[in-house]
Amino acid sequence: MAMLLRKVWDSVLARAAAPGADPPPGSPRARRAHAQRAEQFQYQYHGSLSLGALDAVPTDVLAQILRLLGPLDAARSSAVCRAWRVLASDNGLWAFFLRLGPEPWDLVVFAETHLAAGPVSHPWLYYDSSPQLSFKQIYGLRAVVPGTLIVDGGSGYCKYGWSKYAAPSGRCATFLEFGNIEAPMYARLRHFFSTIYTRMQIKPSTQPVIVVLPLCHSDGLSYYTQSARASRKQYKETLYSVLFDMNVPAVCAVDQAVLSLYASKRTSGIVVHIGFNTTSVVPIFQGRVMYEIGVETVGQGALKLTGFLKELMQRRNISCESLYTVRAIKEKLCYVAADYEAELRKDTQASCEVDGEGWFTLSEERFKTPEILFQPHMGGMRAMGLHKAVALCMDHCYTSGTVGDDSWYKTVILAGGSSCLPGLPERLEKELHQFLPPYISEGIRVLPPSFGTDSAWFGAKMISNVSTFTEAWCVKKKQFRQKTRRNGPLFMNSW
């Protein structure tokens, strides 16, 4: 079958050549013959939709031939004649080729529809009134998008790797890679990225980089104070300065919560990120963090859950010194109860094995540990329950009068490692429906992380593979230097 298709294709590509022996090249007869052939070819093949001897072949069969031949030969067929050009430009054909690629088809369509124009500086980007996508053009552009290094520093653990890979290729504890915590921020960031590049065994000058920006907790009170805004801006500028001083050709920096939202194929909603030390409730509208509405913060995160589980285990004389072991037990056995009081009356005993540490058996500790997300007093904390923090954020969104669909904030996306605990989406959704008035609670949905602990990394991967990545999303070194000259020097020494 393959040989037959190749013969058919070779005959198609040979149609531009006239039969018979060619005259000596360069002779007057050769020039006249060449002109006659060109005129005949232009009239016969570009002036009509005739395929000659192949006119009897059904169009769907020809389209199937192009599919089997692949994108390279399909693109070449456009030069044969007008009819082949029409066939080879069919959107369905190139959608087929894109479906065969490494990226899931639904993510490709979302990225090219909603992210191709760049970040939120292009407000028209997020509406569904965009023209039909040209999948042939998209295929060609995505094929030449350079490989990108993605670095998600995270609040506890760093994930890094190539954008063309299926998952992060390396992981490490973030705080161990930042160097001396008392050093200036510039020096710490330089040490951090130097470590990442060394581990990846690559030179910074060879490819762009996407950096996942953490939410800044500069003053501990409000994300929208002047101090908080200045802190975020200064961190971002220091980041750019460090990377361009390392000769990185282009940099893209995007908020962690925004990337987690993109990974769920959405541009608006509320992201609940359970970080290492704190939990953030982040309203995002059309790809922009709505700091003016309010980012709620709960003073407990994954570290508190792990510490509370260790405390519960010690009460039962279950010995475990390492927090890393306790974290592994938490990830394997813990879950969120749909009804805490009812769960207390059940037999919930289960066991798991931790490499190098042996077997551990838990019972009520399995659901008591994450219960402090909703009842912080159980862990000895005076903090707002998670459902109350999300409800407060939704109330602020409701009263903000943001133009657009008033249900944009009713989709809640969970992010962070501890958000992967079984039962958490269902429990949070249940609590919100019970806590909020019907005019706000109607239509609320709580969704688990689309890619588990790596949602932000995959959101960055989605951006890095979009057809317009380097033009629409990246800042080049020259652009950054020009901007800093206009706006004055950076204040990195204060870090």
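What follows is a chat between two colleagues about a predicted model.

Biologist: Hi! What should I know about the model before we start?

Modeller: It is a predicted model, where local features need pLDDT of at least 70, side-chain atom pairs count only at pLDDT 80 or more, and totals for chains, interfaces and linings use all residues. Residues are numbered from 1 along each chain as its sequence is written, and side-chain values use heavy atoms, with hydrogens and water left out.

Biologist: Good. In what order do the strands of the six-stranded open sheet come?

Modeller: The order is β3-β2-β1-β4-β5-β14, with mixed pairing. β3 (170-173) and β14 (475-476) are the edge strands, each pairing on one side only. Helices (H or I, at least four residues) and strands (E, at least two) are DSSP runs, numbered from the N terminus. Two strands pair if DSSP finds at least two bridges between them.

Biologist: And which helix packs on that sheet?

Modeller: That is α10 (residues 185-200), which touches β1 (149-152), β2 (157-162), β3 and β4. Its direction makes about 45° with that of β2. Contact means heavy atoms within 4.5 Å. For the angles, axes are lines fitted to C-alpha atoms, for helices over the stretch in contact, and angles run from 0 to 180 degrees between N-to-C directions.

Biologist: How do β4 and β5 pair, parallel or antiparallel?

Modeller: Strand β4 (residues 209-213) and strand β5 (residues 250-255) are parallel, with five bridges. Look for L213, which sits opposite D255 in β5.

Biologist: Switching to β6: is it buried or exposed?

Modeller: Six of the six residues of β6 (residues 269-274) are buried, so this strand is largely enclosed by the rest of the structure. Buried means under 20% relative accessible area, exposed over 50%, and partly exposed in between (1.4 Å probe, protein chains only).

Biologist: Which way do the residues of β6 point?

Modeller: G269, V271 and H273 point one way, while I270, V272 and I274 point the other way. As a rule, side chains in a regular strand alternate between the two faces of the sheet.

Biologist: Which strands does β6 pair with?

Modeller: With strand β7 (residues 279-285) the pairing is antiparallel, over six bridges, and a hairpin of four residues joins β6 to β7. In that pair, V272 stands opposite V281. With strand β12 (residues 411-415), β6 runs parallel, joined by four bridges. There, H273 stands opposite A415.

Biologist: New topic, charges! How many salt bridges are there?

Modeller: The count is 15 salt bridges, where a salt bridge is a side-chain nitrogen of Lys or Arg within 4 Å of a carboxyl oxygen of Asp or Glu. One of them joins D454 and R171, whose closest N and O atoms are 2.8 Å apart. D454 lies in the loop between β13 (445-447) and α20 (455-464) and R171 in strand β3, so the pair ties together parts that are 283 residues apart in sequence.

Biologist: Are those two buried or exposed?

Modeller: D454 counts as buried at 7% relative accessibility, whereas R171 is partly exposed at 47%.

Biologist: What about R316 and E365?

Modeller: Their side chains meet in a salt bridge at 3.1 Å, N to O. R316 is in the loop between α13 and α14 and E365 is in helix α16, 49 residues apart. R316 is partly exposed at 41% relative accessibility, and E365 is buried at 7%.

Biologist: Which residue does E371 pair with?

Modeller: E371 forms a salt bridge with R427, the closest N and O atoms being 2.8 Å apart. E371 belongs to helix α16 and R427 to helix α18 (residues 424-435), 56 residues apart. Both E371 and R427 are buried, and a network of salt bridges links E371, R427 and E431.

Biologist: Last one: where is T348?

Modeller: T348 lies in the loop between α15 (340-343) and β10 (350-354). At 5% relative accessibility it counts as buried. Its side chain reaches the backbone oxygen of S363 at 3.2 Å. That is a polar contact: a pair of N or O atoms within 3.5 Å, where within protein one must be able to donate a hydrogen and the other to accept it, and residues adjacent in sequence count only if both atoms are side-chain atoms.

Biologist: Thanks, I'll go and look!
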